[in-house]
Amino acid sequence: MRTREATLKAYKYRLYPTRAQEDALSLTLTLCQRLYNGMLEERRGAYKKAGKSLTAYDQMKSLPEVKAALPEYQGVNAQVLQDVAKRLDKSFKGFFRRVKAGHKAGYPRFRGRDRYDSFTYPQPSQHSVSGDGKHVYLPKIGNVRIRLHRPFSGKLKTLTVKREGQEWYAVLTCEAPRAEPLPLTGSAVGIDLGVNHLVITSDGEFVDNPRFLRSAQKRLRVAQRSLSRKKRGSNRRKKAKAAVARLHLKVKRQRDDLHHKVALKLVRENDLIAHEELNITALTRTRLSKSVLDAGWAGLLDKLRAKAEEAGRVVVGVCPKYTSQDCHQCGHREKHSLSVREFICKGCGAVLNRDWNAAMNILARALPSVGNVDQRVMRSPRSPAIHRGE
Ligand SMILES: [Zn+2]
């Protein structure tokens, strides 16, 4: 039986600040960024001069002095400023950890405006979001309009305000008891991550690779080209830059959304999900590159693992060798060129979509490795029929 530990979940919502609120948000970001760089400078100085390491606590203690010397900081919530010291501390701790582990480690760097895009209320009120769910209260900024496109639940732990391009978002992290695992379904599935399709399951389901992503990407390329032609520092360049950022976001959002849906469906319907272990970096270097990145396999698998864990499902990665060459029915190995979409077995005469055959092999490989999964899982996949995927 699983224990019901608490989990942290993040919810991201679009904010619609007024003009004045937007100015206040921008100013807060700028002041936090300057403070971050100032504190970094201070740490460097203390170390150089006296060989002394400052802690986050040391730096938080000096915040009242900062406020006295620079009155504009009085307009920023005290906890938000403290969180800046904690962030810097985090990057130092990460740096020291990497040094200790013998990894190549870069010393924490100064952050430019583009590299500092959020600030955090580390202990927000549980009533930050208004009862009707239309506003979020941000201390020192005000009640900002929010769009809760899905509800959140649990105890509110942190509230982060984020700038993405020209849009603003609130990220709420909430602590909630771990969800009960979903009831067993008695089904297991193998998935092949395709180039022509995003996913092909051993049940013969095809999820298409999103063409809309490709068209959005085309528009992105056009926008990027247009940006590169604009004069540095010009107003037109600023506009073009914003357009590129907007399109980037759009592509990312659409892809994430699709991945969530696909992962959710797989997890709901199956106790065991088998996929091929991917060497994504190696693949992306080949000429398949564009499509691989389009499909964003790694992102999909991440979401799949996260959802499976929450639901008590099993996700298994298997060795991908020969999965598209072996006949799932008789085991005969047939070398096909990548361009051949149909698997035709000279051993038993099976004819089916190459990726579907691979998905069934992937499932078959995973089954022996999960002896402890409920026996009902061992149902074999649907028997193959002649199937043309395109
Ligand atoms: Zn065969």
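Predicted model: local features only at pLDDT ≥ 70, side-chain atom pairs only at ≥ 80, totals over all residues.
Strand 7 pairs with strand 10 (residues 272-276) in the parallel sense, over 4 bridges. Ile191 has His275 as its bridge partner there. Strand 8 (residues 197-201) runs antiparallel to strand 7, joined by 3 bridges. Val199 in strand 8 stands opposite Leu193.

## Salt bridges

The whole structure holds 20 salt bridges. One of them joins Lys9 and Glu310, at 3.6 Å from N to O. Lys9 lies in strand 1 and Glu310 in helix 9, so this pair ties together parts 301 residues apart in sequence. Lys9 is partly exposed at 35% relative accessible area. Glu310 is partly exposed too, at 33%.

Asp271 and Arg313 form another salt bridge, with their closest N and O atoms 3.4 Å apart. Both residues sit in loops, so the pair links parts 42 residues apart in sequence. Asp271 and Arg313 are both buried.

Within helix 9, Asp302 and Arg305 lie 3 residues apart, about one turn of the helix. Their side chains meet at 3.1 Å, N to O. Elsewhere, Lys12, Lys162 and Glu164 are linked in a salt-bridge network.

## A positive patch

Lys218, Arg221, Arg225 and Arg229 gather in a patch of positive charge on the surface. Arg221 belongs to helix 5 (residues 211-229). Arg221 is partly exposed, at 42% relative accessible area.

Definitions and conventions. Residues numbered from 1 in each chain as written. Heavy atoms only, no water. Patch = residues over 30% accessible without salt bridge, like charges linked within 9 Å, V, L, I, M, F, W, Y side chains within 5 Å. Areas by Shrake-Rupley, 256 points an atom, 1.4 Å probe, with all protein chains shown as cover. Salt bridge = Lys/Arg side-chain N within 4 Å of Asp/Glu carboxyl O. Lys, Arg positive; Asp, Glu negative; His and termini not counted. Charge placed at Lys NZ, Arg CZ, Asp CG, Glu CD. Helix = DSSP H or I, 4+ residues; strand = E, 2+ residues; numbered from the N terminus. Buried < 20%, exposed > 50% of the residue type's maximum accessible area, 1.4 Å probe, protein only. Pairing = 2+ DSSP bridges.
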